[in-house]
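This briefing is intended for a reader meeting this structure for the first time. It begins with the sheet and then turns to the helices, the individual strands and selected side chains.

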Amino acid sequence: MALITLEDLDGLDDDITDDITDNPEPIGEEDSDHLLAHWQAVASTHQVSVPPEMTGPIHEMTRNRQQREPLPHTPISRHEKMGEELFEERVYAAGHWACVTRGEELYEQSISIGFMKLMRFICKENSTGRYLGMTVPVLSTVPLMDDGVTFDKNVQTSFFLPAEFQTNVPRPSDPDIAIVYREPIRVVSRTFLGTTTEETVTGQIRQLWEILGARDDLHTNHYMLAVYENPGVPRRRNEIWFIGRQL
């Protein structure tokens, strides 16, 4: 589920992450260095640095990568053509989100740095002092400038709080993280695999509009990117979301 793209990890050894997930014993220093090096190598290709203090959250997320709580939602309709899913419509429930807004030079820098902050919040840097658990997908806004094409620099990355914490909301230690209550939303979603750069996301937006044609019931000045798998998964599952003007 993360937003640091890992297309370049195809050639790296995944055995260490499998061992950590399956082995409840404490992580050794060698494994720790290897995991951090993986993240740093990938992040560097997008001009993002992964500081050593991310070691703990990376370990925690790796250990718990099979335990993910899906966002509560109701399927509305599913549209296919010759066995291929074109898009799906859903309504997502209201709830509390932890949100980080960044305005880095590159879109992928903003979502990567925002997600690292959320990782630290999830992994004990909160008022409970405990691991909160992971929900999927993690969302990032895709705001557009007035020309309707260029991405706005201010990108918000959001994590839906697990059900356990929706009524007793933990406070973030990081002042850059805001807890926001959002009303239900209706989305039109389309799945794609791989990287989530500005170029690939722009292409996915264009493809979905070509499939849908003209529709007045959807916003055209902002979209959402939904990421379902952690940064250690090459060709991970993503979705582009078009947001309904009404439920």
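In this predicted model, nine strands form an open sheet, arranged in the order S2-S3-S9-S11-S10-S6-S7-S4-S8, and their pairing is antiparallel. The edges are formed by strand S2 (73-81) and strand S8 (177-182), each of which pairs on one side only. From one strand to the next, the twist averages 30°.

**Strand pairing within the sheet**

- Strands of a sheet pair through backbone hydrogen bonds, in either a parallel or an antiparallel manner.
- S9 and S11 run antiparallel and are joined by seven bridges; among the residues involved, Val 188 has Phe 242 in S11 as its bridge partner.
- S10 and S11 also run antiparallel, with four bridges joining them, and Leu 225 stands opposite Ile 240 in S11.
- S6 and S7 pair in the antiparallel sense over two bridges, and the bridge partner of Leu 139 is Ser 158 in S7.

**Helices packed on the sheet**

- H4 packs on the sheet and touches strand S4 (95-102), S6, S7, S8 and strand S10 (222-227). The direction of H4 makes about 30° with that of S7.
- Helix H5 (residues 198-212) likewise packs on the sheet, where its contacts are with strand S3 (84-92), S6, strand S9 (185-193), S10 and strand S11 (237-243). The direction of H5 makes about 55° with that of S11.

**Overall composition and burial**

- The protein has five helices and eleven strands in total.
- Of the 247 residues in the protein, 48% are buried.
- Considering contacts between residues at least 6 apart in sequence, 74% join residues at least 24 apart.
- Strand S11 is largely enclosed by the rest of the structure, because six of its seven residues are buried.

**Ser 140 in strand S6**

- Ser 140 belongs to strand S6, which spans residues 138-143.
- With a relative accessible area of 1%, Ser 140 is buried because this value falls under the 20% cut-off.
- The side chain of Ser 140 makes a polar contact of 3.2 Å with the side chain of Thr 157.

**Aromatic pairs and cluster**

- The structure holds five aromatic pairs. One of them is formed by Tyr 107 and Phe 151, whose edge-to-face arrangement has 5.2 Å centre to centre and 85° between the planes.
- Tyr 107 lies in helix H4 (residues 107-122), whereas Phe 151 lies in the loop between S6 and strand S7 (155-160), so their pairing ties together parts that are 44 residues apart in sequence.
- Both Tyr 107 and Phe 151 are buried.
- One aromatic cluster is formed by Trp 209, Tyr 223 and Phe 242. Phe 242 is also the bridge partner of Val 188.

**Charged ends over aromatic rings**

- The charged end of Arg 182 sits over the ring of Trp 97, at 4.9 Å from the ring centre.
- The charged end of Arg 237 sits over the ring of Tyr 228, at 3.7 Å from the ring centre.

Definitions and conventions. Residues are numbered from 1 along each chain as its sequence is written. This is a predicted model: local features need pLDDT of at least 70, side-chain atom pairs count only at pLDDT 80 or more; totals for chains, interfaces and linings use all residues. Side-chain values use heavy atoms; hydrogens and water are left out. Buried means under 20% relative accessible area, exposed over 50%, partly exposed in between (1.4 Å probe, protein chains only). A polar contact is a pair of N or O atoms within 3.5 Å; within protein, one must be able to donate a hydrogen and the other to accept it, and residues adjacent in sequence count only if both atoms are side-chain atoms. Rings of Phe, Tyr and Trp (its six-membered ring) pair if their centres lie within 6.5 Å; planes under 30 degrees apart count as stacked, over 60 as edge-to-face and the rest as tilted. A charge sits over a ring if NZ of Lys or CZ of Arg is within 6 Å of the ring centre and within 35 degrees of the ring normal. Two strands pair if DSSP finds at least two bridges between them. Axes are lines fitted to C-alpha atoms, for helices over the stretch in contact, and angles run from 0 to 180 degrees between N-to-C directions. Contact means heavy atoms within 4.5 Å.
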